[in-house]
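Reader: I'd like to learn how to read a fold from its coordinates. Could you walk me through one?

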Amino acid sequence: MAWDFLDVFAKKKYVENQPRGNRKLISFSGGTLVNGDTAMEVSAFYRGVTYISTQIAKLPWEVKDSDLKIKKNHRVHKLLNLAPNDETNAFMFRVKLIADALIYGNGYAEIERDLAGRVVALWPIQHNDIYPDRDENGTLFYRVVGGGYAGTDVILRKSEVYHVRNFHTKDGILGLGLLDYAAETIGTAKGAEKFANSLFSNGGMPSGVLETETKLSDVGLKRLLETWKTKYGGSKTGSTAILEDGLKYKAVSHDPQVLQFLESRKFSVIDIARFLGLPPTKLFDTDAATFNNIENANLE
């Protein structure tokens with residue numbers, strides 16, 4: 001179980017430039033906020049992360065001895081394949097760890113042991129509440145921020161942490177997640193979605209304008225806007241308009257090139273698929289889908 005660092009490492013000397021587990025929780029791409037939550041609002045990214053984490057979670061997680069023989073009667077095997085604790089099942093536990101490892105680079109769980117040192121439970125830890133560190137002797141441990149009494153930090157030994165890391169790592173200890181490298185791509189996709197929403201909502205793409213050769217007073221302009229919105233706005237769009245005071249209606253035609261942002265949204269799906277290592281068809285991009293390549297992708 002956890003033990004308070006105040007008693008053991010009260011005089012601990014931090015290692016300079018030691019990477020922290022939550023070092024890149026937030027970034028900005030072109031003014032767009034990119035973090036774990038906003039990234040999951042991008043449909044392609046959400047689908048890819050969910051697909052990979054659930055597919056891996058469905059696989060058996062085996063426990064092997066030094067001779068690589070599977071130990072199905074081992075208590076850790078039961079925790080990983082049935083229930084890691086009395087609050088969740090093994091599938092949801094695996095999904096969380098893999099999703100955290102994909103997005104942030106690392107998934108963590110505390111290993112609870114009984115008095116005899118036997119593993120009795122695995123408890124997930126939020127990725128941004130824990131990070132690996134070293135003491136003054138260079139020994140690796142994990143710091144849980146605010147996990148102790150009265151909000152103090154808690155120290156976990158390496159043997160007390162089940163650490164699932166992304167395969168991409170620079171030091172072999174701390175995994176690097178997609179947010180470390182795909183922030184620009186995700187930010188572009190997020191920006192395109194915001195642009196599309198602002199363009200299409202609330203008449204963002206007007207079908208026409210009202211023209212007049214006379215100058216309208218502030219009162220007259222306000223009355224015109226309110227009248228037009230009441231009679232021809234919302235669900236009444238498309239009804240026949242009756243113009244007065246020399247007003248003329250001019251239809252607005254949109255250059256197809258103005259709508260090329262739709263192509264950028266498609267490209268973002270392809271780019272996200274590259275980062276995730278998935279065929280675009282797994283993200284429901286069917287532009288280049290054929291029966292043969294979908295079949296091959298499923299087999300792969």
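Author: Two bits of housekeeping come before that. This is a predicted model, where local features need pLDDT of at least 70, side-chain atom pairs count only at pLDDT 80 or more, and totals for chains, interfaces and linings use all residues. Residues are numbered from 1 along each chain as its sequence is written, and side-chain values use heavy atoms, leaving out hydrogens and water.

Reader: How many helices and strands are there in the protein?

Author: Helices (H or I, at least four residues) and strands (E, at least two) are DSSP runs, numbered from the N terminus. Here you get ten helices and eleven strands. Of the 300 residues, 36% count as buried, meaning under 20% relative accessible area, with exposed over 50% and partly exposed in between (1.4 Å probe, protein chains only).

Reader: How do I read a sheet?

Author: Strands of a sheet pair through backbone hydrogen bonds, either parallel or antiparallel. For the bookkeeping, two strands pair if DSSP finds at least two bridges between them. In this model, an open sheet of three strands runs in the order E5-E4-E9, and the pairing is antiparallel. Strand E5 (119-125) and strand E9 (161-165) are the edges, each pairing on one side only. On average, neighbouring strands are turned by 25 degrees against each other, direction ignored. Axes are lines fitted to C-alpha atoms, for helices over the stretch in contact, and angles run from 0 to 180 degrees between N-to-C directions.

Reader: What joins E4 to E9, and what packs on the sheet?

Author: Five bridges join strand E4 (residues 106-113) to E9, and glycine 107 stands opposite valine 164 in E9. Helix H5 (residues 90-103) packs on the sheet, touching E4, E5 and E9; contact means heavy atoms within 4.5 Å. The direction of H5 makes about 140 degrees with that of E4.

Reader: And how does helix H3 pack with H5?

Author: Helix H3 (residues 43-58) meets H5 at about 135 degrees, with the axes 8 Å apart. The two are therefore oblique to each other: under 35 degrees is roughly parallel, over 145 roughly antiparallel, 65 to 115 roughly perpendicular, and the rest oblique. The contact includes Phe45, Val49 and Ile52 of H3, and Phe91, Val95 and Ile98 of H5.

Reader: Is aspartate 86 buried or exposed?

Author: Aspartate 86 lies in the loop between helix H4 (75-81) and H5, and it counts as exposed because its relative accessibility is 71%. Its C-alpha atom is separated by 9.6 Å from that of leucine 122, 36 residues apart along the chain.
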